[in-house]
Amino acid sequence: MEETLIEEGESNREGGEVSPALIAVHPLEKSLAVSIGSELRVFDLIEDCSISLVDDSGGPLHSDSIRAICFGANGKLFASAGDDKLVKVWTTNPWRCISTVIAEKRVSAVAISHDGLFVSFADKFGVVWVTGTDGDHEAKEKASPLFGHYCSIITSLEFSPDGRFIVSADRDFKIRVTVFPKNPFSGAHEIQSFCLGHTE
């Protein structure tokens, strides 16, 4: 169960509003992650205690509102991203940040592929990016553009369970199903389908 709300004009800076709290539950209900503003907290549901987070990535910590959090399908990976343009990938046993990607724009959505090999994230300009979780250090620290929604904020990203598709939804009431390519670092050029015509 995940919630990724993004409200225009929300900010945790200088007297502004704090971004909405986000909650993500481990797929096997082992832990619960909560973000409020730039703070990320994790609770062990089995031991009934909080978990200390360790950042081994060498990158900066979140310094602005976290806008998207998610667990991978098997719960081994977790991702957090937000207004500070950081996308942080964490292992969950033990909880350690293994990579930090610096995006070009503020991040609005994040998803982990079901095989755990890729993390995709969307920025506020509607571009979806992909980065690797396996392999060399450079592949984990850089992101490549995957596809775009043309200046519409993407509010949600999901991978299909079989890994063949990535689904994106935006503020302009469009849902796009895109074929996730074998080599995603070259971009995704095949659209499977669109869902259009939503009025609310």
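Are R67 and D83 buried or exposed? I opened the notebook with this pair and found that R67 is buried, and so is D83, where buried means under 20% relative accessible area, exposed over 50%, and partly exposed in between, with a 1.4 Å probe and protein chains only as cover.

**Ground rules.** I am working with a predicted model, in which local features need pLDDT of at least 70 and side-chain atom pairs count only at pLDDT 80 or more, while totals for chains, interfaces and linings use all residues. Residues are numbered from 1 along each chain as its sequence is written, and side-chain values use heavy atoms, with hydrogens and water left out.

**Salt bridges.** I took a salt bridge to be a side-chain nitrogen of Lys or Arg within 4 Å of a carboxyl oxygen of Asp or Glu, and by this rule the count comes to seven. Side chains of opposite charge can pair when their charged atoms come close. I looked up R67 and D83 again and noted that their side chains meet in a salt bridge at 3.1 Å, N to O. R67 lies in strand β6 and D83 in the loop between β7 (77-82) and β8 (86-92), so this pair ties together parts that are 16 residues apart in sequence; strands here are DSSP runs of E with at least two residues, numbered from the N terminus. I also recorded that R67, D83 and R106 are linked in a network of salt bridges.

Next I checked D56, which forms a salt bridge with R96, the closest N and O atoms being 3.5 Å apart. That pair links distant parts of the chain, since D56 sits in the loop between β5 (54-55) and β6 (66-71) and R96 in strand β9 (residues 95-102), 40 residues apart. R96 counts as partly exposed, at 33% relative accessibility. I noted one further salt bridge, between D162 and R164, with the closest N and O atoms 3.8 Å apart.

**V119.** I placed V119 in strand β11 (residues 118-123), and at 0% relative accessibility V119 counts as buried. Leaving aside its neighbours within four places in sequence, V119 is in contact (heavy atoms within 4.5 Å) with residues including A79, V87, I112 and W129. The C-alpha atoms of V119 and W129, 10 residues apart along the chain, are separated by 8.3 Å.

**Around β15.** I found strand β15 (residues 165-170) mostly covered, with five of its six residues buried. Strand β14 (residues 154-159) runs antiparallel to β15 and is joined to it by five bridges, and I counted strands as paired if DSSP finds at least two bridges between them. Within this pairing I154 stands opposite D170, and the hairpin has five residues between the strands, with G163 taking a positive phi near 80 degrees. Five bridges also join β15 to the antiparallel strand β16 (residues 175-179), where F165 stands opposite V179. The hairpin of β15 and β16 has four residues between the strands, and F173 in the turn has a positive phi of about 65 degrees.

**F194.** My last entry concerns F194, which is found in strand β17 (residues 191-195) and is partly exposed, with a relative accessible area of 42%.
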